[in-house]
Amino acid sequence: MVHFQGALTTSHLRKHWSRFVKTWFNQPARKRRRLENRKEKAAALYPRPVSKLRPVADAAPSSTTRRARLGKGFTLAELKKAKIGPAFARSIGIAVDHRRQNKSVEAFQLNVQRLEQYKQRLVLFPRTDKKPKKGPINDATEEVLKGLNVDQTAEKVLGVTQTQKRDKAVSLTKELLATKAYRTLKQEWSNQRNAGKREKKAKEAAEEK
């Protein structure tokens, strides 16, 4: 606001906006260059895949998204269940994360099944020709290697398939209408909170007798 009938301020609108405009016309060329680099990397790593095998994990926050994503690495328990050692797993393209812990039986079984599927599809080249070795995963025979012709340029090994977890609509019955959901939750919360006190009280009562 102008006070005391002073002179009007001058508008300083000459910002020279054209100096701050940035253009990039090399985007198609960079896209092509990335594609060529991926092809060169795949050719250099052949017959190994470009990426490592990673577990399936829940995207955060898991309570709301219900979306699956690739985790950092398999846990030691998952590798043990699949009968694969951590050092051997790293040598055959399996990512290992010793810090990660399993909190869900369903996810644990899914990742173990993922490892078993990878073991069945894996073609392990022998270090010495015509001398395949046996181990957790046997070396491929000479007949299998001759007929091998696969594309290893995929970005993800055994990609993630999103599962539909939406509950289907059901008709309301008398049993559902009579269910007290809030009361049931509060009762379970109370049982879990007072479990130790009740066990102690029952133990003291048994000792008095």
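Q: How many residues does the protein chain have, and what percentage of them count as buried?
A: Keep in mind that this is a predicted model. Of the chain's 209 residues, 19% count as buried.

Q: Okay, and how many helices and strands are there?
A: You'll find 9 helices and 2 strands. Walk along the sequence and the order is α-β-α-β-α-α-α-α-α-α-α.

Q: What do I look for when I want a nonpolar core?
A: Here's the general idea: in soluble globular proteins, nonpolar side chains tend to be buried together. In this chain, the largest nonpolar core has 15 residues, and Phe74, Leu53 and Leu115 are among those with the most contacts inside it. Click on Phe74 and look around: leaving out residues up to four places away in sequence, Phe74 touches residues including Leu53, Leu79, Ile94, Asp97 and Leu115.

Q: Asp97 turned up in that list. Where does Asp97 lie?
A: Asp97 sits in the loop between α4 (86-91) and α5 (105-121). Because its relative accessibility is 9%, Asp97 counts as buried. Its side chain reaches the backbone nitrogen of Arg99 at 3.2 Å. Not counting residues up to four places away in sequence, Asp97 also touches Lys72, Gly73, Phe74 and Thr75.

Q: How should I read salt bridges, and how many salt bridges are counted?
A: The general idea is that side chains of opposite charge can pair when their charged atoms come close. The count here comes to 4 salt bridges. One of them joins the side chains of Glu78 and Arg100 (3.3 Å, N to O). Glu78 is in helix α3 (residues 76-81) while Arg100 is in the loop between α4 and α5, so this pair ties together parts that are 22 residues apart in sequence. Glu78 is buried, with a relative accessible area of 0%.

Q: Which helix holds both Arg32 and Glu36?
A: That's helix α1 (residues 27-45), where the two are 4 residues apart, about one turn of the helix. Arg32 is exposed at 51% relative accessible area, whereas Glu36 is partly exposed at 31%.

Q: One last thing: which residues make the nonpolar surface patch of about 450 Å²?
A: Val170, Leu172, Leu176 and Leu177 make that patch. Take Leu172, found in the loop between α6 (142-146) and α7 (174-178). Leu172 counts as exposed because its relative accessibility is 67%, and the cut-off for exposed is over 50%.

Definitions and conventions
Residues numbered from 1 in each chain as written. Predicted model: local features only at pLDDT ≥ 70, side-chain atom pairs only at ≥ 80, totals over all residues. Heavy atoms only, no water. Buried < 20%, exposed > 50% of the residue type's maximum accessible area, 1.4 Å probe, protein only. Polar contact = N/O pair within 3.5 Å; in protein donor to acceptor, adjacent residues only side chain to side chain. Contact = heavy atoms within 4.5 Å. Core = buried A, V, L, I, M, F, W, Y, C linked by side-chain atoms within 4.5 Å. Patch = residues over 30% accessible without salt bridge, like charges linked within 9 Å, V, L, I, M, F, W, Y side chains within 5 Å. Areas by Shrake-Rupley, 256 points an atom, 1.4 Å probe, with all protein chains shown as cover.
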